[in-house]
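Student: Please take a close look at a single part of this structure. I would like the open sheet and the salt bridges around it in one connected answer.

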Amino acid sequence: KGEFLYLGANDAMYIFSISDPENPSFVFRYSHIVSCDPVVVQGNRAYVTMRGASRCNQGVNALEIIDISDPYNPRLIRNYSMENPHGLAVDNNFLFLCEGEFGLKVFDISNELNITLRDEIRDIHAYDVIARDGTLTLTGDDGIFQYHYEAGQSEVVLLSKIPVTRTNV
């Protein structure tokens with residue numbers, strides 16, 4: 001969002017002004033229950049996941065959409081229950097949400113009060129994701145995957161996979 005830095009933490013989303021990059025200044029602490037908490041921002045919206053079945057240990061699995069048009073007074077738009085949310089990415093009307101052993105979910109977020117599931121890939125363990133200009137890069141237990149996505153299509157298409165095998169050393 002240019003002048004602001006959004007940081008996810010176990011207890012909150014923190015907002016800092018970076019108008020002076022050498023001296024970031026605290027703006028706001030958007031509190032929630034203690035939980036793991038990645039955050040991505042697009043425009044005036046922050047997308048935050050909270051995962052309960054982890055070291056954070058609070059039992060809540062959710063996606064929150066937060067209005068950050070006023071970074072000094074963010075407000076919750078909607079909370080959505082999830083299975084086991086991890087990393088997430090947003091690109092235009094796509095929200096990509098990793099669900100650990102439950103795979104990847106792709107949402108249409110054009111109506112933030114009623115996001116819709118566009119696609120779901122359940123046969124992978126998905127932990128983190130980067131989305132940009134129609135290419136999605138996903139990491140998980142089984143490797144690194146690249147997918148293609150575009151407006152008007154409901155499914156993401158696998159482009160490539162770099163397999164990873166674990167060995168006990």
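Tutor: What follows goes from the sheet to its salt bridges.

This is a predicted model: local features need pLDDT of at least 70, side-chain atom pairs count only at pLDDT 80 or more, and totals for chains, interfaces and linings use all residues. Residues are numbered from 1 along each chain as its sequence is written, and side-chain values use heavy atoms, with hydrogens and water left out.

Start with the sheet. It is open, with four strands in the order β8-β9-β10-β11 and antiparallel pairing. Strands here are DSSP runs of E, at least two residues long, numbered from the N terminus. Two strands count as paired if DSSP finds at least two bridges between them. In general, strands of a sheet pair through backbone hydrogen bonds, either parallel or antiparallel. The edges are β8 (88-91) and β11 (116-121), and each pairs on one side only. Neighbouring strands are turned by 20 degrees against each other on average, direction ignored. That angle is taken between axes, which are lines fitted to C-alpha atoms; angles run from 0 to 180 degrees between N-to-C directions.

Now the β10 and β11 pair. Strand β10 covers residues 104-108, and five bridges join it to β11. The two strands run antiparallel. Val106 stands opposite Asp119 in β11.

Next, the charges. A salt bridge is a side-chain nitrogen of Lys or Arg within 4 Å of a carboxyl oxygen of Asp or Glu. The whole structure has nine. In one of them, Arg45 meets Glu112, with the closest N and O atoms 2.8 Å apart. This pair links distant parts of the chain: Arg45 lies in strand β5 (residues 45-50), Glu112 in the loop between β10 and β11, 67 residues apart. Arg45 has 19% relative accessibility, so it counts as buried. Buried means under 20% relative accessible area, exposed over 50%, and partly exposed in between (1.4 Å probe, protein chains only).

Lys105 bridges to Glu99, the closest N and O atoms being 3.1 Å apart. Lys105 is buried at 10%. Glu99 is buried too, at 0%.

Glu83 pairs with Arg122, the closest N and O atoms being 2.7 Å apart. Here too, distant parts of the chain are linked: Glu83 sits in the loop between β7 (75-81) and β8, Arg122 in the loop between β11 and β12 (126-132), 39 residues apart. Glu83 is partly exposed at 28%, and Arg122 is partly exposed at 40%.

Finally, the network. Salt bridges link Glu83, Glu99, Lys105, Glu120 and Arg122.
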